[in-house]
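Take a look at the protein below.

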Amino acid sequence: MNFQLKPGMLLGAATAATQIEGGDTNNNWYDWYRRGYIKDNADPSVATEHFRRWREDLDLMSDMGLQCYRMGVEWSRVEPEEGRFDQAAIARYREELQALVDRGIRPLLTLHHFSNPMWLEKKGAFAVSDNITYFLRFVRKMVEGVGDLVSEYLTINEPNVYAFNGYLTGSWPPGRRNPLEAARVLTNLTAAHIEAYGLIRKTRLQMGFRDTRVSFANHLRAFAPKDPKNPLHCFWAGRAEELFQGNLTRAMCTGRTAFPIGKHPAIVPGRYCDFHAVNYYARSTISGPADGVAQGAAVNDLGWEIYPQGIVEVCRKAYGVLPRPIYITENGTCDNADRFRARYIAEHLEALCASDLPVERYYHWCFCDNWEWVEGNSARFGLVHVDYETQERTVKDSGAFYRELIAQGGVSGELYERCCGGSYPTNGEGNG
Ligand code: BGC
């Protein structure tokens, strides 16, 4: 392997507020933890204590040469009670954003990443269309508060994952198992994104800024039929792709709806995405209505298939819906012993750079090991190791590789040989 990054492409890392900050007990995920649903019982009100240790983390980012950073804000901190906005919380986020800008690290801000304030959760969160106005009020406050420091925004992270886990399988809060409600949530999230898209651009324009870019973080999987010659497998693979992500992508980007996205007065044809924000991890192998992983496939420590070419396949499809620049806003892997992360990064970037797609950014998930939702602290995705006893941070070998990759502007044969020799686990059971 030997490749150069695309000209002008920036490399950085991503995080989400609830997964790193700690110190907040006022959101639905803390409640989920309190109710005993986190596998290792790890407490999100500790996480990696980033809310206190953010300066140390930003120093590490500078050391690693990160050029851009995707971070989130915790709504329940900013609006701890309905209608009461905490100016100190907004000021704290300003401080961090200013420090990023001062270090020459370009911020991308996520406004909603799976967590809701408890007061909103009790009102039904995004299952209730009227609640969208609360989201818009929060978005306006945030943009008014930090808009001079940030030109790029993500409205909502992974609407499909939020709706699927929270309202279809019930494994995430609020633990519902109701397909109709899941479809309603997706519809309301689409409407919320479309309204927030316009609101963010308008608010920044009123502040005198014309360079705003807004999108939503789109969780895209590659889908393949288990046996490409079997028409049933092909049928189910196509259905799964459309239901999980295809129709959602079209609705969020262009306001055109098809099941499971329903009608809503805010969803009208238009252009609602200034760049594609693609979160890509894995491929599904399909032979029926259930998800699966091909037997013998390379997998990570959570059993997700590692399929680098998939990142190009999903980006190409998104680009076909609306031709816009591409930001990879998450790509990474659960590799608890940091054996194959460097190889994973190199192979995904190589695939992207060999394509003709306009890829402008790559945010590795995750900057540091973090509180991984229902997996707790037991699934490590970081470039930086966190010792949860002491909160000590140590740059992993993959983090050191990433630093060299950024400095070289690509991966030389020598760098690849030296750092990317790790082998991937293989999927033995094969439920695909
Ligand atoms: C989410 C992240 C999560 C990552 C790895 C994505 O779906 O946006 O919050 O940590 O996957 O599981």
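## A residue in a barrel strand

H112 sits in strand β4 (residues 106-112). Here strands (E, at least two residues) and helices (H or I, at least four) are DSSP runs, numbered from the N terminus. This is a predicted model, where local features need pLDDT of at least 70 and side-chain atom pairs count only at pLDDT 80 or more, while totals for chains, interfaces and linings use all residues. Residues are numbered from 1 along each chain as its sequence is written, and side-chain values use heavy atoms, with hydrogens and water left out.

Is H112 buried or exposed? H112 counts as buried because its relative accessibility is 2%. Buried means under 20% relative accessible area, exposed over 50%, and partly exposed in between (1.4 Å probe, protein chains only). The side chains of H112 and N116 form a polar contact of 2.7 Å. Such a contact is a pair of N or O atoms within 3.5 Å; within protein, one must be able to donate a hydrogen and the other to accept it, and residues adjacent in sequence count only if both atoms are side-chain atoms. Leaving out residues up to four places away in sequence, H112 touches W75, F126, F135, T155, I156, N157 and Y162. Contact means heavy atoms within 4.5 Å.

## The barrel

Which strands form the closed barrel? Its 8 strands run β2-β3-β4-β5-β6-β8-β10-β11, with parallel pairing. From one strand to the next, the twist averages 25 degrees. Axes are lines fitted to C-alpha atoms, for helices over the stretch in contact, and angles run from 0 to 180 degrees between N-to-C directions. Two strands pair if DSSP finds at least two bridges between them.

Strand β6 is largely enclosed by the rest of the structure, because 6 of its 7 residues are buried.

## A residue in α7

M142 lies in helix α7. M142 counts as buried because its relative accessibility is 0%. Not counting residues up to four places away in sequence, M142 touches V73, V78, I90, L111 and G147.

## A bent helix

Helix α3 (residues 50-64) spans only 17 Å between its end C-alpha atoms. A straight helix of 15 residues would span 21 Å at 1.5 Å a residue. That expected span is 1.5 Å times one less than the number of residues. Where does α3 bend? The bend is at E56, by about 40 degrees. A bend is the angle between axes fitted to the seven residues ending at a residue and the seven starting there.

The buried residues of α3 are H50, W54, D57, L58, L60, M61 and M64. Their packing partners include β3 (68-72) and α5 (87-102). After α3 comes G65, with a positive phi near 80 degrees.
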